[in-house]
Amino acid sequence: MSEIAGKRSVDARITRLLAVCAGAALLAAGCGGRAAPAPGMRVEWIVGRSAPGFDPDGPPDALRESLERLLSRGLTDDDTSGTVFPAAADSIAISGDRLTYTFRLPAELRFAGGQRCTAADFRVALEAGLTRTDHGTRAALLAAVRGMDAVRARRALPPLGIETPDSRTLVIRLARPDSLLLRKLSLPGVSTPWRRRAPGAWSAACGIGPFRVASSATDRWLVLVRDRRGRAADTLRVRFVPSAPRVRTLLRAGRIDLLWPPPGGLLAQPLPPGYHSTRSPARPARDLLLVMRADVPPTTHPPARQAIAHALHRGEVAGALEGEADAPRELIPGAAPFELPKFDAVEVSAWLDRGHFGRSFHVTMAYDADGFSPVARALQGGWSRFNLYVELKPLRGAE
């Protein structure tokens, strides 16, 4: 079975591939006599982009989070229907006023290395990303927790409503009810315990399963193993191949079980026989942000930024992503929908005149080459119609 997929996380597809392989083995062994134990399953997952680093408290990244979900799990989880259920927690009790959540953990919860995982490890997970200076995702998700209004970057954490009465009990106290708290805790990293949380190589990623890292080679491959209670282990080999021609060669050779995400440009041509692609909407919907620096000419000048904004055809950009441009919507909770700048040649010309740019100017645009090359080219081509010349600067990995 071969599949090319695009989704928020890939762990469900990995589980399904292993289940299909196991089902085929059981069917083959069902004729005559007593069947031998099924051998361990092997799945080859090709990733069409550069390898992300291990950083459980880092900014949201769909690929990194998919790997993390295979290696560890938080207090809760959700399935493909969106239903939230206890994951690492044995039980969850919610007070009548919905301000106190009590999580009870299994007695023998352990990390992949054998060390015991306690309520203190989950408290560390909840608090670890609150003072990051590169993003505020964790603080925003846990904003309802008591004491969060006093959290400040680069300062010690104030007393928070996160308590561990004993090694198996975690209590979260809220300043106000949050009906989405359990769903937020299911997101990768938010309540996910790790033996060590420092950013680095995947060889240091030691979680509470179901898979563990067996071996790795920095930015080339990972081998993940799932033990099956004394039987042969399932093996998931993850290879990072950001080159579309190399991935197509592997497809022709039939050496791929799952490809996600595909490298840019791969799906512009028909797939080799035996493969098909599946698509599903991102959950939640994603925004594509164009960030214009105000400290580098010519975008130091507001008229330059206005000209660029009014020369952007959002429908064409969405088409490069095979998506649709959203209508104006609420960007800040409680605020009115934001009216995006209109695509208007007259406005572009007027802003060029106001900024005394003449008929054109030149800018450099950096972009993620692992997935946004078609978007960058679409932007470049669209702006060139208005004599706005954009030099593309592709970046990969940590850049």
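These questions and answers concern a predicted model.

User: Is threonine 192 buried or exposed?
Analyst: Threonine 192 is found in the loop between helix H5 (181-185) and strand E9 (212-217). Its relative accessible area is 5%. Buried means under 20%, so threonine 192 is buried.

User: Which backbone atom does the side chain of threonine 192 reach at 3.1 Å?
Analyst: Threonine 192 touches Ser72, Arg73, Gly74, Ala125, Leu187 and Arg197, not counting residues up to four places away in sequence. Glycine 189 lies within that excluded stretch, and the 3.1 Å distance runs from the side chain of threonine 192 to the backbone nitrogen of glycine 189.

User: Within what arc do the buried residues of H3 fall?
Analyst: In helix H3 (residues 119-128), the buried residues are Ala119, Phe122, Ala125 and Leu126. They line one face of the helix, because seen down the axis of H3 they fall within an arc of 115 degrees.

User: Which helices and strands are among those covering the buried residues of H3?
Analyst: Ala125, one of these buried residues, is also touched by threonine 192. The cover includes two strands, E7 (162-166) and E8 (169-173), and two helices, H4 (137-141) and H5.

User: Which element gives the largest share of the largest nonpolar core?
Analyst: This core has 29 residues, and Phe122, Leu170, Ile172 and Leu185 have the most contacts inside it. Strand E6 (100-104), H3, E8 and H5 each supply at least two of its residues. The largest share, three residues, comes from H3.

User: How many residues has the other core, which includes Ala304?
Analyst: This core lies apart from the largest one, and Val348, Val363 and Val375 are also among its residues. Its number of residues is 22.

Key: Residues numbered from 1 in each chain as written. Predicted model: local features only at pLDDT ≥ 70, side-chain atom pairs only at ≥ 80, totals over all residues. Heavy atoms only, no water. Helix = DSSP H or I, 4+ residues; strand = E, 2+ residues; numbered from the N terminus. Buried < 20%, exposed > 50% of the residue type's maximum accessible area, 1.4 Å probe, protein only. Polar contact = N/O pair within 3.5 Å; in protein donor to acceptor, adjacent residues only side chain to side chain. Contact = heavy atoms within 4.5 Å. Arc of directions from axis to C-beta. Core = buried A, V, L, I, M, F, W, Y, C linked by side-chain atoms within 4.5 Å.
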